[in-house]
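Visitor: Could you take me through this fold step by step, from the overall dimensions down to the ligand?

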Amino acid sequence: MQCNHCEEKAVYHELGRAYCKNHFLSYFEEKVEKTIKKYKLIEKNDHVCVATSGGKDSLAVLYTTMKYCRKHEIPFFALAIDEGIALYRDHTLEDLKKFCDQHDIPLQSVSFKEKFGKTLDEVQNHAITVLNKKPCTVCGIFRRTLLNRTAREIKATKLVTGHNLDDEAQTLLMNLLKGNMRHNAALGPLTGLSENEGFVPRVKPLYHISERETRLYCVLRGFEVNFHECPNIHLSFRAGVRDMLNELENKSPGAKHGMINAFLEILPDLKKKYREEKKFKYCKKCNDPCAGETCNACKQEEELCKEAK
Ligand code: SF4
Ligand SMILES: [Zn+2]
Ligand SMILES: [Zn+2]
């Protein structure tokens, strides 16, 4: 198959579009730039923190955000969280360090061990057997909190994440299946329901880009990236939803795009509805904004890191 834009052989085709290597790279980067501008994800006066792990989504978002920030002279840095997942995170963090050195990107790192006293591996058994909590639930709560706290300490004004179209479609469906529409109201390219100075706004420049496109972008750009998955993913609800959506997409190409575009149509109304119900309190232990007396991270730290053997 030939590229739609030149005489070269196509390396990617989907929904009637075909691109050679160069045209695919331009298509990808232009789409990121368009998403940033359309939703005002990054602006002139921002100080941008890119949440990154060294995996493919995070290298793609780090590289494209770097290009955007350098072009518009916006300060930025990368922030890595080490959850403590042996034989996985240590490798992706090594790749990340090399990548940041190579591209002259300032890198900050912080770990569960250093901030909560235990690695994810150390608390995992206790979480599953005693608290009936999956590793991804524990990981998600600590990771979100550390990203926000660290970005806030460094005075970042935006927190960029590598969530792509597939991640968003999976989360949307997971929340629907759990009957949790309020959590869906907090999704979108610019996440959250209400502004609060305790939260650094999270933004998703890869929002309209698929997993398949992200993977190809990393390969074509020659990034040294580890395509292995976290060993805990198979225990998660997300893995089942992901497989189901991939099967649907195979049978009905464009299904994920359709789902996200339909969701974006109702999102402003959803945000409006749930924003009115949202009231912030402040955690009595760490003072982070939260819904109850204590934030989820402090609760989890108490029940896991102080109890786990
Ligand atoms: S798959 Fe689960 S445990 Fe692994 S990094 Fe992701 S959220 Fe954490
Ligand atoms: Zn071409
Ligand atoms: Zn707290």
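The conversation below goes from the whole chain to its sheet, its helices and its ligand.

Guide: This is a predicted model, in which local features need pLDDT of at least 70 and side-chain atom pairs count only at pLDDT 80 or more, while totals for chains, interfaces and linings use all residues. Residues are numbered from 1 along each chain as its sequence is written, and chains are lettered from A and ligands numbered from 1 in the order in which they are written.

Visitor: What is the strand order of the open sheet?
Guide: Strands (E, at least two residues) and helices (H or I, at least four) are DSSP runs numbered from the N terminus, and two strands pair if DSSP finds at least two bridges between them. The open sheet has 5 strands with parallel pairing, in the order E5-E4-E3-E6-E7.

Visitor: Which strands stand at the edges?
Guide: Each edge strand has a single partner, so one side of it is left without a neighbour in the sheet. These are strand E5 (107-111) and strand E7 (202-203).

Visitor: Which residue of E7 is the bridge partner of Leu 159?
Guide: Strand E6 (residues 158-160) runs parallel to E7 and is joined to it by 2 bridges. The partner of Leu 159 in E7 is Arg 202.

Visitor: At what angle do H1 and H2 pack?
Guide: Axes are lines fitted to C-alpha atoms over the stretch in contact, with angles from 0 to 180 degrees between N-to-C directions. Helix H1 (residues 21-38) has its axis 10 Å from that of H2, and the angle is about 65 degrees.

Visitor: Which charged residue belongs to the shell around ligand 1?
Guide: The shell, counted by C-beta atoms placed from the backbone and within 6 Å, includes Cys 136, Asn 232 and Glu 83.
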